Amino acid sequence: EKKKKFFGKHHLITSNAHNHLSNMTSDNNTDILARIEAMRAREDSTKKSFNYFRKYNACDGLNESSRKAMATWITQVQQTLSLDAETVWIAMSYLDRYLGSGRGESREVLRSKCKFQLAAITSFYTAVKIHEPVVLGLD
């Protein structure tokens, strides 16, 4: 006869089932710990954030308040379209990573308010296309 153990507050399970659950939890914890270690290693090798406005000599009045204004505008669009708030932060992450990279036209974007706004809108549009179950039209 299999011994029964009390699991949680209300459920009786057999010792075999309990051992199986313990193994699953142990495997899951090992997997989680391995993922955390991989993320920590990646974090150590990733460039730290910096102020790309200062580093790349932004002009045309572009600064941190310009970024904040675009984040506010994108948030208003997100709320109007009833999109997930996380999409705004994903979009801003795209924008920051692009402008901080110093690659392609990213330095030129920091010299023109129009191009800066276009880059922010493009980042938002890309985040919506990837992370939202909607199709944005031009109307």
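Which side chain meets arginine 35 in a salt bridge? The close-ups below start with that pair. The model is predicted: local features need pLDDT of at least 70, side-chain atom pairs count only at pLDDT 80 or more, and totals for chains, interfaces and linings use all residues. Residues are numbered from 1 along each chain as its sequence is written, and side-chain values use heavy atoms, with hydrogens and water left out.

**View 1. Arginine 35 and aspartate 31 meet in a salt bridge.** The N to O distance here is 3.2 Å; a salt bridge is a side-chain nitrogen of Lys or Arg within 4 Å of a carboxyl oxygen of Asp or Glu. Both residues sit in helix 1 (residues 15–45), four residues apart, about one turn of the helix. Helices are DSSP runs of H or I with at least four residues, numbered from the N terminus. Arginine 35 is exposed at 54% relative accessible area, while aspartate 31 is partly exposed at 34%. For these words, buried means under 20% relative accessible area, exposed over 50%, and partly exposed in between, using a 1.4 Å probe and protein chains only.

**View 2. Aspartate 96 forms a salt bridge with arginine 67.** Their closest N and O atoms are 2.7 Å apart. This pair links distant parts of the chain, with aspartate 96 in helix 4 and arginine 67 in helix 3, 29 residues apart. Aspartate 96 is partly exposed, at 23%, and arginine 67 is also partly exposed, at 24%.

**View 3. Glutamate 108 and lysine 115 pair through their side chains in a salt bridge.** Here the N to O distance is 4.0 Å. Glutamate 108 is partly exposed, with 33% relative accessible area, and lysine 115 is partly exposed at 40%. A search of the whole structure finds four salt bridges.

**View 4. Leu110 is among the residues with the most contacts inside the largest nonpolar core.** That core has 22 residues, and Leu95, Leu99 and Phe116 are also among those with the most contacts. Helix 2 (52–55), helix 3 (64–80), helix 4 (85–101) and helix 6 (113–131) each supply at least two of its residues. A nonpolar core is a set of buried Ala, Val, Leu, Ile, Met, Phe, Trp, Tyr and Cys residues joined through side-chain atoms within 4.5 Å. Leaving aside residues up to four places away in sequence, leucine 110 touches Tyr52, Phe53, Tyr56, Ala58, Cys59, Leu62, Leu99 and Phe116, where contact means heavy atoms within 4.5 Å.
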